[in-house]
Amino acid sequence: MDQDIVRRVKGDPDYRKLVAARSRFGWTLTWAMMIVYYGFTVLVAFNKEFMGSRIGEGVMSWGIPIGLFVILFTIVITGIYVRRANSQYDELTDAIKVRVAKKEKVAA
């Protein structure tokens, strides 16, 4: 019985659409995060003079706001993913559930 449900879910066109869209969007956000995070790490490793240089006449160096940007960027892209998951992806998931449940009732 469970294998039949799995087969019907995997055969649903919305399921394939959901998997493709979620995967593509997830990888896009992953690459964006990797570029920001590793970009920061590369700056720290290879451009210490810039990261340690002061902003204006104050005591704050460039490393502080850039590091804060990395943290805020992570929060923002997490929020973007959650928003899309709660709207677009949940709608597709609900449509799949309804379709599979109808087929299950018909088969019983």
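1. Buried means under 20% relative accessible area, exposed means over 50%, and partly exposed lies in between (1.4 Å probe, protein chains only). By that scale Asp-12, at 1% relative accessibility, counts as buried. Asp-12 sits in the loop between helix 1 and helix 2; helices here are DSSP runs of H or I of at least four residues, strands are runs of E of at least two, and both are numbered from the N terminus. Leaving out residues up to four places away in sequence, Asp-12 touches Ile-96 and Arg-99, where contact means heavy atoms within 4.5 Å.

2. Basis of the note. This is a predicted model, in which local features need pLDDT of at least 70 and side-chain atom pairs count only at pLDDT 80 or more, while totals for chains, interfaces and linings use all residues. Residues are numbered from 1 along each chain as its sequence is written, and side-chain values use heavy atoms, with hydrogens and water left out.

3. Confidence. pLDDT is the predictor's confidence in each residue, from 0 to 100. The chain has a mean pLDDT of 90, and 94% of its residues reach 70 or more. Among the elements of the chain, the lowest mean pLDDT, 84, belongs to helix 1 (residues 2-11), and the highest, 95, to helix 2 (residues 13-46).

4. Nonpolar core. The term covers a set of buried Ala, Val, Leu, Ile, Met, Phe, Trp, Tyr and Cys residues joined through side-chain atoms within 4.5 Å. The largest such core has 14 residues, and those with the most contacts inside it are Leu-18, Met-33, Phe-73, Ile-77 and Tyr-89. Helix 2 and helix 4 (63-107) each supply at least two residues of this core. Helix 4 gives the largest share, 8 residues. Ile-77 touches Leu-29 and Met-33, not counting residues up to four places away in sequence. As background, nonpolar side chains in soluble globular proteins tend to be buried together.

5. Tyr-81. This residue is found in helix 4. Tyr-81 counts as partly exposed because its relative accessibility is 28%. Apart from neighbours within four places in sequence, Tyr-81 is in contact with Arg-22, Phe-25, Leu-29 and Tyr-89. Tyr-81 and Arg-22 are 59 residues apart along the chain, with their C-alpha atoms separated by 9.3 Å.

6. A salt bridge is a side-chain nitrogen of Lys or Arg within 4 Å of a carboxyl oxygen of Asp or Glu. The structure holds 4 of them. One joins the side chains of Arg-7 and Asp-4, at 2.2 Å from N to O; both residues lie in helix 1, 3 residues apart, about one turn of the helix. Another joins Asp-4 and Arg-8, whose closest N and O atoms are 3.2 Å apart. Asp-4 and Arg-8 are 4 residues apart in helix 1, so about one helical turn separates them.

7. Salt bridge between Asp-12 and Arg-99. The closest N and O atoms of this pair are 2.6 Å apart. Asp-12 lies in the loop between helix 1 and helix 2 and Arg-99 in helix 4, so the pair ties together parts that are 87 residues apart in sequence. Arg-99, at 31% relative accessibility, counts as partly exposed. Elsewhere, salt bridges that share partners join Asp-4, Arg-7 and Arg-8 into one network.

8. Surface patch. Patches are made of residues with over 30% relative accessible area and no salt bridge, with like charges joined within 9 Å and nonpolar side chains (Val, Leu, Ile, Met, Phe, Trp, Tyr) within 5 Å. Accessible areas come from the Shrake-Rupley method with a 1.4 Å probe, and for residues only the protein chains shown count as cover. Trp-27, Trp-31, Met-34, Tyr-37 and Tyr-38 form a nonpolar patch on the surface, with about 600 Å² of accessible area together. Of these, Tyr-37 lies in helix 2 and is partly exposed at 43% relative accessibility.

9. Val-59. This residue is placed in the loop between helix 3 (48-52) and helix 4. Val-59 is exposed, with a relative accessible area of 80%. Val-59 and Leu-92 are 33 residues apart along the chain, and their C-alpha atoms are separated by 51 Å.
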